[in-house]
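This report covers selected features of the chains and of the contacts between them. Please look over the sequence and the model before reading on.

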Amino acid sequence: MASEAVAAADSVELAQLQRDAETFKRVHPLEYYRRFLSQQLRPDGRGLERFRDTSLSINPLATAHASALAKIGQTSVLCGIKAELAVPSLQTPGWGFVVTNVTFPPMCSASSRLGPPSEQAQALSRLMHGLVVGKQAASSTATAPSVPAPTTPLKSQSAQAGMAESNPADAGARGIVDLNELCITRGELCWCLYVDAVCLDDAGNSTDAALLAIVGALHALVLPAVTLDAASGKPGFNPSGNSTQLTLPATPFAATFSLFDGNAFTLADPTAEEEAMQSGAVTIVADVSSENPTLWTVHKPGGTPLSATALRQCISQAVERIKTLDALLQAELASQSTAME
Amino acid sequence: MVTRADGRMPNQLRELSIEHAVLSRADGSSRFSQRDTSALTAVYGPAEVKSSKELLDKATVQTVFRPKTGLAGVDDHVCEAILRQALEPVIQRTANPRTSITVIVQVMHDDGALLACALNSASMALIDAGVPMSAVLAAVTCAWLPAADGSSERRLLLDPTLEEQTAATSIATFAFESTNQEIVFSSTEGQLTVDEYFYTIEMAQKAAANVLAFMRLSLERKFSKSV
Amino acid sequence: MSTGTVSHANGSAYLELAGTRVMAAVYGPRENTRAGGLQQFNEQAVLQCDVARAPFASPRDDARIGTDANTSAAAADRQFATSVATALQSSVRLEKYAKSSIDLFVTIIGDDGGALAASINCCTLALADAGIEMNDMVTAASVALAANTNIVLWDPTHLEESRASAIATQALRVSDNLVTLLDQSGESSLKLSVKALEACSSMSVQLHGLMQQTLVSSLLERRKQQLLP
């Protein structure tokens with residue numbers, strides 16, 4: 001009897017304490033965080049350098065040519081790719097198009113509202129587009145290409161074979177996708193990939209999740225074979241023909257860190273609450289497939305100043321994280337291909 | 001050493017020029033040029049702020065990035081966001097709570113390294129407006145170019161022109177604050193190894209120190225004149 | 001079907017019917033911040049709904065949906081959103097939440113037919129998940145009608161929808177058998193329409209049971225998690 005009463009009193013006290021903690025968090029959110037961080041812990045139980053559980057599922061959707069759902073903790077981003085036929089632009093007859101977009105529908109967080117895309121969405125779209133197509137094409141594909149006019153007669157493919165292939169992509173930095181691969185008939189027909197990432201739930205660090213989803217979907221992409229109708233010259237899909245998969249020579253992933261309380265603390269993989277209070281952030285995108293990791297971008301859009309040494313530390317942490325993401329993608333692709341067989 | 005198309009050394013910046021207080025109606029203004037690349041910035045504030053944007057404990061920083069011609073596009077909005085986020089940590093925002101500080105950057109001409117020029121111009125205009133700041137920003141752009149004939153190594157060029165920028169395999173822009181020379185802003189395009197990245201930072205840091213020295217000189221001259 | 005899919009929303013749900021996938025989130029009751037919302041005093045809450053379609057939501061060989069707000073697709077979505085709001089309006093006890101707005105956000109991730117019915121059902125689940133008082137859960141179902149053969153196809157796919165002579169969607173408040181939304185596009189005989197609505201009603205009753213089960217099991221799940229921190 002007596003012990004039960006004590007237990008009941010304890011639970012009442014515990015409830016009181018929890019309520020107090022909740023109030024403290026509301027009134028002094030920063031101080032609340034500082035108390036945790038001084039113990040090298042975060043309110044969600046993670047250490048400062050710990051990323052949340054990450055998962056990737058390939059092709060969850062039937063309506064897109066390829067899709068991938070990336071989840072980092074509660075944050076989930078769904079990327080779908082639709083491929084359409086288009087006519088290459090005059091400046092780049094040997095290239096296809098890729099249009100990359102990241103959207104945050106009003107559903108995904110309490111702060112995003114209806115209306116034109118937010119600053120965050122625009123910046124993220126720009127960043128992702130740059131990574132997907134590389135530096136050279138970034139300016140030439142900013143606008144959506146024209147849809148092929150059905151009346152344009154298409155010449156036979158053999159006539160194009162002898163044409164000298166000047167490859168401007170060699171001169172510049174490559175992206176994830178080699179735009180040359182998207183060309184079907186030089187100057188006549190090419191693929192236009194619409195890569196759309198939709199944030200379903202924004203619980204912080206949507207950058208990492210968006211890139212993971214985009215990379216996953218690109219790896220899952222299978223382009224159907226295209227045949228030209230001899231009479232009308234109209235392109236059509238040939239379901240029995242050889243479908244192609246993109247080569248994708250490199251696969252970069254992102255790791256984001258949040259600078260907290262000046263630059264006193266560096267938190268890996270910030271949650272939405274942490275993002276709201278952070279004093280700066282660094283996103284590191286790198287490819288670790290070769291022995292020597294290649295940095296694709298180190299993006300620090302302002303915020304608290306950071307020394308080069310601190311930045312170096314972030315990069316080495318990021319490289320470790322990206323290795324696990326790379327393994328995750330490989331495992332998912334392997335399980336996908338065994339499922340297919 | 002291979003010189004560049006315009007006769008500069010690889011680690012040489014273009015001639016800088018700063019004009020202070022060029023606009024009569026703005027609280028502060030400055031025009032910053034790196035030879036042909038030039039940006040004009042006007043600063044208004046601390047001034048009244050729209051109640052929806054008012055912050056109780058600090059000033060609201062608003063930025064506008066105007067392209068040379070036409071309407072602002074996605075890229076310009078992204079530049080706007082970058083400017084705001086890069087300037088916020090150096091402005092002492094708590095000194096003027098519940099006010100707005102508006103920074104308007106007008107591109108005069110883009111011949112490469114535009115963002116760096118815009119950042120430099122904005123930080124000079126903020127000084128001209130007398131906005132309390134904890135440090136001054138100095139920004140520098142660097143470009144890695146593919147190997148020239150006869151050498152196998154990629155070349156690092158400071159302050160690239162537009163032509164060099166299009167030929168580059170990677171471009172990096174950095175902004176440093178003046179007190180500890182720490183990195184406020186970093187953005188890179190194209191692939192770099194970790195060592196290349198830090199080498200770029202090192203070179204940019206040295207160049208930024210020169211930019212900063214020039215800014216100081218220019219300010220000293222301006223104030224000695226007015227006395 | 002699952003609930004609690006969006007972490008920061010007051011209530012949320014995800015619904016999957018083969019290729020049709022819909023996600024809904026409820027924010028509110030909260031301060032009405034839309035234009036004119038602050039000036040007016042409302043004795044009742046305002047139920048607002050917005051539908052976004054993922055660009056890759058339409059079936060495989062269809063064109064991608066543009067993100068431009070002025071396209072006819074966007075206008076269709078607005079119409080769609082109004083339909084969802086009307087279907088649910090009568091069921092939500094708006095008088096309980098004076099001066100506030102309840103915002104429903106629907107994202108259609110994949111559309112393989114019956115997106116309207118799926119959206120309504122998903123919103124109902126999300127509202128229940130948010131703990132917003134309702135008279136009953138509204139459930140919706142759709143059928144495709146073939147006028148020449150007098151056939152009613154239950155829960156049609158996109159292909160069936162495009163070949164049917166008419167599509168009917170009906171939202172039903174199951175407990176008192178009250179129809180809250182009726183939407184038929186295309187032609188059919190009166191007899192066939194009545195047959196279609198009967199089909200919708202019996203589907204709604206089935207769905208109602210399923211949705212109740214989902215809510216109960218998610219509630220149990222949540223309680224389990226709270227007991228074991």
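## A serine in chain B

In which helix of chain B does B:Ser218 lie? B:Ser218 belongs to helix 4 of chain B, which runs over residues 194-226. The model is a predicted one.

Is B:Ser218 buried or exposed? The relative accessible area of B:Ser218 is 14%, and the cut-off for buried is under 20%, so this serine counts as buried. Leaving aside residues up to four places away in sequence, B:Ser218 touches B:Ile18 and B:His20. With B:His20 there is also a polar contact, side chain to side chain, at 2.6 Å.

## Helix 1 of chain B

Helix 1 of chain B covers residues 74-87, which is 14 residues. At 1.5 Å a residue the helix should span 20 Å, and its end C-alpha atoms are 20 Å apart, so the two values agree.

This helix is mostly covered, with 10 of its 14 residues buried. Among them are B:Val78, B:Cys79, B:Ile82 and B:Leu83, along with the charged residues B:Asp76, B:Glu80 and B:Arg84.

## Chain A against chain B

On the chain A side, helix 3 (119-137), strand 14 (294-299) and helix 8 (308-340) each supply at least two residues that touch chain B.

In total, 31 residues of chain A are in contact with 33 residues of chain B. Together the two chains bury about 2800 Å², and 55% of that is on carbon and sulfur atoms.

## Chain C against chain A

Here 31 residues of chain C are in contact with 31 residues of chain A. The area buried between them is about 2600 Å², 60% of it on carbon and sulfur atoms. The count of salt bridges between chain C and chain A is zero, while four residue pairs are in polar contact, both residues being at pLDDT 80 or more.

Strand 3 (20-31), strand 4 (46-53) and strand 5 (100-110) of chain C each supply at least two residues of the side that touches chain A. Strand 3 gives the most, with six residues.

## Record for chain A

An unreviewed UniProt entry lists "domain: Exoribonuclease phosphorolytic" for residues 51-221 and 252-320 of chain A. Over residues 252-320 the chain is 28% helix and 38% strand, and the end C-alpha atoms lie 13 Å apart.

Terms used. Residues are numbered from 1 along each chain as its sequence is written. Chains are lettered from A and ligands numbered from 1 in the order in which they are written. This is a predicted model: local features need pLDDT of at least 70, side-chain atom pairs count only at pLDDT 80 or more; totals for chains, interfaces and linings use all residues. Side-chain values use heavy atoms; hydrogens and water are left out. Helices (H or I, at least four residues) and strands (E, at least two) are DSSP runs, numbered from the N terminus. The expected span of a helix is 1.5 Å times one less than its number of residues. Buried means under 20% relative accessible area, exposed over 50%, partly exposed in between (1.4 Å probe, protein chains only). UniProt positions are given in the numbering used here, feature names are shortened, and annotations may be inferred rather than shown by experiment. Contact means heavy atoms within 4.5 Å. Buried area is the accessible area (1.4 Å probe) that two parts lose on being put together, summed over both. A salt bridge is a side-chain nitrogen of Lys or Arg within 4 Å of a carboxyl oxygen of Asp or Glu. A polar contact is a pair of N or O atoms within 3.5 Å; within protein, one must be able to donate a hydrogen and the other to accept it, and residues adjacent in sequence count only if both atoms are side-chain atoms.
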